[in-house]
Amino acid sequence: MTELTSAASTAPIYVYEKPVRLWHSLNALLIVVLSVTGYLIADPLASLKGEASEHFLMGYIRFVHFSAGYLIAIALLFRLYWAYAGNEHARQIFLPPLLKAHFWQGVFHEVLWYLFLVKEPRKYIGHNPLAILAMHFVFVWGVLFMIVTGFALYGEGAGQGSWQHTLFSSWVLPLFGSSQSLHSWHHLFMWLIICFVLVHIYVALREDKLSRQSMLSTIVTGWRTFKDVRPVDDESGA
Amino acid sequence: MTETFYDVMRRQGITRRSFLKFCSLTAASLGLAPAFAPKIAHAMETKPRIPVLWLHGLECTCCSESFIRSGHPLAKDVILSMLSLDYDDTIMAAAGHNAEAIVTEIVEKYKGNYILAVEGNPPLAEDGMYCIIGGKPFVEQLKYAAESCKAIISWGSCASWGCVQAAKPNPTRATPVHKVPGLANKPIIKVPGCPPIAEVMTAVVAYLLTFEKLPTLDRQGRPQMFYSQRIHDKCYRRPHFDAGQFVEHWDDEAARQGHCLYKMGCKGPTTYNACSTVRWNEGVSFPIQSGHGCIGCSEDGFWDKGSFYERLTDINQFGIEANADAVGGTAAALVGAGIAAHAGLTALNRAKQPGAEKQ
Ligand code: HEM
Ligand code: HEM
Ligand code: SF4
Ligand code: SF4
């Protein structure tokens, strides 16, 4: 990437390949579906009258939750594969360069930028270092936690001997002590992810206006455009 | 010593016909095929009976009360005569020093061969002074008896998890059997519940005595045949849950119709026990059938999870007691407020530096 860094230019760069962009929208949709249905599982809608055989409301809500749960897990597996098969930017949120001093300087600078203490953010082809940190530690690990606890809850219903029980419930349940605690933690981490999404959307909109590169159009088309001609600050190789 | 279970039963006046009936019943309650009944009969006719030492620590005796109300009167008689129960301070005849001597006698005479059944648990604070048996802390009696036993049965939630005496802040440091430091390393069968169901208790004992091995246990040490499913999995109100028909108030129409108690805090979806299949009092009913939600009495720490009448239970890891929606909702609201404030400041800042945009 050294040529790129030195070849300071305003030319657009293709950053997020189609699979990454597709994953992003599918994932965002699934998070919304899972949060809404999950909330309704814990706190169901008003009771229905009549015969039980006439309704299956809770059953449908749970079905949608579990289907979306399967999809988000498969999508993450696919995204992990793409981190391996795709371009260097596809790896960013999975492998933060935590041992590089330049990365942490970048994080620090970004924090100062959000505290209004510097006049200008740095310029990046990929994600900025603070974004990488949040995406990795809050989102990637958070969603992994939801998948593991979610499948452990699912295994309780599927029963002993099911693969969900063998692979997940069998060790996750003793880890949390009881099914009730497992439910509570699965529920609590939903709020963590919601907090991530709130901040994420806010900063995406904000940086789209204030940073030195494009944001929203990039996650839609994959192309990054730049607003000035000075060199970029990405980690070499990222 | 060479007396078999069968000998003991005959001595107690049980006919052979009743004996065979008991064997079929036990096979059924253990979920075994009818072909197992003769095996059980054979084992009981040939094997020397195994003595059971039944100790009581901090407890309320609900396990003993449940046990002696075992559904089938025959099962109860047979099991009670199978157990030597030479020492069970609730129902034994001996008292005082004579009684305490029996413990030593059994431990000496049947070294490595008796089953230790524990009801309740030892408090460890102040060197165990909160539970004194025959002048000594219970924890010492427990360790002594565990040293030479074949296996331990932890009766009820007290012995299995700690139960109410171990609820926060647990001033006496009541500790479930498997967590007692320095306890001999013996297989432990947990039979949780407050109390456990009588039929489950007798079946566990019958299994141990006839097959001379532990029933299959799950990862938490409970017999799989009774604790592998949740109340919710076999609840007869489940169709109302799936339909979305819930009781919202104790006196509403849904309550009269027998709809699902989920919104009233039923812990059936998170509780592993056999109540919805075996039921209580000779299969007459169980809490949900009587219109009250399950309180999760066979689960670890069920006293410390907040109200029995709330679906969302408390998480107390953060020093505050609040449910996931209270903690998470507050966090999300704070984040939202932070974002609004930050957006406001950003706008102000930009208004002050009109040149920023042109770079
Ligand atoms: C549930 C909702 C969402 C979640 C969980 C989410 C998560 C993520 C993640 C994990 C990435 C990193 C992509 C990668 O490198 O593979 C990302 C990037 C991005 N997201 Fe989202 N997102 C959500 C919704 C949105 C929405 C609604 C927008 C638009 C306002 C948005 C705009 C962006 C942008 C612009 C990027 C690229 C950031 C950059 O180039 O540094 N996201 N998002
Ligand atoms: C970001 C992703 C997810 C979110 C936000 C989410 C949210 C929730 C919430 C709020 C609950 C209610 C918990 C409670 O009882 O208080 C729940 C329950 C549950 N979730 Fe998820 N979930 C997610 C992912 C998953 C996944 C991947 C699975 C796996 C299939 C899954 C399976 C379940 C199951 C089985 C339950 C229990 C349903 C019941 O008790 O009837 N979830 N989820
Ligand atoms: S009453 Fe309780 S155990 Fe029965 S279906 Fe409803 S929530 Fe489940
Ligand atoms: S229904 Fe629940 S609370 Fe009631 S006895 Fe069974 S496990 Fe315990």
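1. Bridge partners in β1 and β3 of chain B. His56(B) has Glu119(B) as its bridge partner in β3(B). The two elements involved are strand β1 (residues 52–56) of chain B and β3(B), which run parallel and are joined by five bridges. Strands here are DSSP runs of E with at least two residues, helices are runs of H or I with at least four residues, and both are numbered from the N terminus. Two strands count as paired if DSSP finds at least two bridges between them.

2. Basis of the values. This is a predicted model, in which local features need pLDDT of at least 70 and side-chain atom pairs count only at pLDDT 80 or more, while totals for chains, interfaces and linings use all residues. Residues are numbered from 1 along each chain as its sequence is written, chains are lettered from A and ligands numbered from 1 in the order in which they are written, and side-chain values use heavy atoms, with hydrogens and water left out.

3. Burial of β3(B). Five of the five residues of β3(B) are buried, so this strand is largely enclosed by the rest of the structure. Buried means under 20% relative accessible area, exposed means over 50%, and partly exposed lies in between (1.4 Å probe, protein chains only). Ile115(B), Ala117(B) and Glu119(B) point one way from the strand, Leu116(B) and Val118(B) the other way, and all are buried.

4. Pairing of β6(B). Strand β3 (residues 115–119) of chain B runs parallel to β6(B), with five bridges between them. Within this pair, Ile115(B) is opposite Ala151(B), and Ala117(B) is opposite Ile153(B). β6(B) also pairs in the parallel sense with strand β7 (residues 188–191) of chain B, over four bridges. There the bridge partner of Ile153(B) is Ile189(B).

5. Burial of β6(B). Strand β6 (residues 151–155) of chain B has five of its five residues buried, so it too is largely enclosed by the rest of the structure. Ala151(B), Ile153(B) and Trp155(B) cover one side, and Ile152(B) and Ser154(B) the other.

6. Ser160(B). This residue lies in helix α9 (residues 156–160) of chain B and is buried, with a relative accessible area of 0%. A polar atom of its side chain lies 2.8 Å from the backbone oxygen of Gly156(B); for the backbone oxygen of Ser154(B), the distance to a polar side-chain atom of Ser160(B) is 3.3 Å. Leaving out residues up to four places away in sequence, Ser160(B) touches Ser154(B), Pro176(B), His178(B), Lys190(B), Val191(B) and Pro192(B). Contact means heavy atoms within 4.5 Å.

7. Domains of chain B. The chain is divided into domain 1 (5–227), domain 2 (231–311) and domain 3 (322–354), with bounds from an automatic or database domain assignment. The centres of domain 2 and domain 3 of chain B, taken over C-alpha atoms, are 41 Å apart.

8. Interface of chains A and B. The contact takes 49 residues from chain A and 50 residues from chain B. About 4,200 Å² is buried between the chains, 57% of it from carbon and sulfur atoms; buried area is the accessible area (1.4 Å probe) that two parts lose on being put together, summed over both. On the side of chain A that touches chain B, the largest share, 16 residues, comes from α7(A).

Note on methods
A polar contact is a pair of N or O atoms within 3.5 Å; within protein, one must be able to donate a hydrogen and the other to accept it, and residues adjacent in sequence count only if both atoms are side-chain atoms.
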